[in-house]
Amino acid sequence: MLSRLRQLFRAAEPANTATLPAGQRAYAVGDIHGRADLFAALIAAIDADDAARGPAETTVILLGDLIDRGPDSAGVIRLAREWQARRPVRILTGNHEEMFLDALEKPEVMRHFLRFGGRETLLSYPIDPLEYTRAELDEVVALARGAVPAGDIAFIQSFEDQVALGDYLFVHAGFRRGVPLDVPRQSDLRWIREPFLDHPESFGPVVIHGHTITEQAEFRPNRIGIDTGAYRSGRLTALGLESTERWLIGAIEQDGAVRVVEGV
């Protein structure tokens, strides 16, 4: 069984020429979607892996969609805030963070947000489920504003749209070829699938992204996707990078327990 778990975090990888500058190391974490249990295990695994590899200027990038769908978005936000206080952690805005912030201001967005995992997010905060069930849409907005701490909202508002390190560009969803990298469309960074996913040519940097679920990390010459569908598969994936080296670390739930699996 362990070999099968390891296989889930392995993927055929093309020859790699992309690199990080000497002395730098990075870890990218795919879409967490409210799985605080998996995220906590992956935090510990990344911290241990980083320490074992020796001194480096290490940056962690969370690729967005920390919230929604899974059972404990509030816990994920708490863990991310605590981790960022201890070490350099940069966080990207996903389409779900965009919806969440808009939903706090616009009831018409709240309706859409609730259909796509927002209900689970709100109920991970101190909102009475019965009161939520009986509430009209504008009342749900009021409940959310009262229950979600201002510090959490400010934290989510601080998320970034993209991070560039060496020959890599980290985004949530992707971007549109032909649009300058210094002025990409925000909607593409947070929402795009095609034509980004099937684009066969180089984007310049190798793009590391989440947003689109695959069973295992997807390595292509021009991009690497690491959203392994944590909220429904029970697998949360991180990609490590140093010089031209790449490696995978995963947290996986099996039989009610969470374990860490390393892949290459």
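How many bridges join strand 10 to strand 11? The answer is given in point 2, after the conventions of the model.

1. Basis of the note. The model is predicted: local features need pLDDT of at least 70 and side-chain atom pairs count only at pLDDT 80 or more, whereas totals for chains, interfaces and linings use all residues. Residues are numbered from 1 along each chain as its sequence is written, and side-chain values use heavy atoms, with hydrogens and water left out. Helices (H or I, at least four residues) and strands (E, at least two) are DSSP runs, numbered from the N terminus.

2. Strands 10 and 11. Seven bridges join strand 10 to strand 11 (residues 257-263), and the two run antiparallel; strands pair if DSSP finds at least two bridges between them. Alanine 251 stands opposite valine 260 in strand 11. The hairpin has two residues between its strands, and aspartate 255 takes a positive phi near 55° there.

3. Five strands form an open sheet of mixed pairing, in the order 4-5-6-8-7. Its edge strands, strand 4 (163-165) and strand 7 (218-219), each pair on one side only. Strand 7 is joined to strand 8 (residues 223-227) in the antiparallel sense over two bridges, and phenylalanine 219 has isoleucine 224 in strand 8 as its bridge partner.

4. Histidine 211, in strand 6, is a residue other than glycine with a positive phi, near 75°. Its relative accessibility is 7%, so histidine 211 counts as buried (buried means under 20% relative accessible area, exposed over 50%, partly exposed in between, with a 1.4 Å probe and protein chains only). Serine 243, also not a glycine, has a positive phi of about 55°. Serine 243 is found in the loop between strand 9 (235-242) and strand 10 (245-254), and counts as partly exposed because its relative accessibility is 39%. The peptide bond from glutamate 194 to proline 195 is cis, with omega near 5°; proline 195 is placed in the loop between helix 9 (186-191) and strand 6 (206-213).

5. Helix 2. The 17 residues of helix 2 (residues 36-52) should span 24 Å at 1.5 Å a residue, and the end C-alpha atoms are 24 Å apart, which agrees; the expected span is 1.5 Å times one less than the number of residues. Among the buried residues of helix 2 are Leu38, Phe39, Leu42, Ile43, Ile46, Asp49 and Asp50. An α-helix has 3.6 residues a turn, so residues three or four places apart point the same way. Just after helix 2, glycine 54 takes a positive phi of about 95°.

6. Helices 4 and 8. Helix 4 (residues 95-103) and helix 8 (residues 150-157) pack at an angle of about 135°, with their axes 10 Å apart. Axes are lines fitted to C-alpha atoms, for helices over the stretch in contact, and angles run from 0 to 180 degrees between N-to-C directions. That angle makes helix 4 oblique to helix 8 (under 35 degrees is roughly parallel, over 145 roughly antiparallel, 65 to 115 roughly perpendicular and the rest oblique). Glu97, Phe100 and Leu101 in helix 4 meet Ile153, Ile156 and Gln157 in helix 8, where contact means heavy atoms within 4.5 Å.

7. Tyrosine 132. This residue lies in helix 6 (residues 129-134), and tyrosine 132 counts as buried because its relative accessibility is 12%. Not counting residues up to four places away in sequence, tyrosine 132 touches Leu114, Arg119, Leu122, Leu123, Ile127, Val140 and Leu143.
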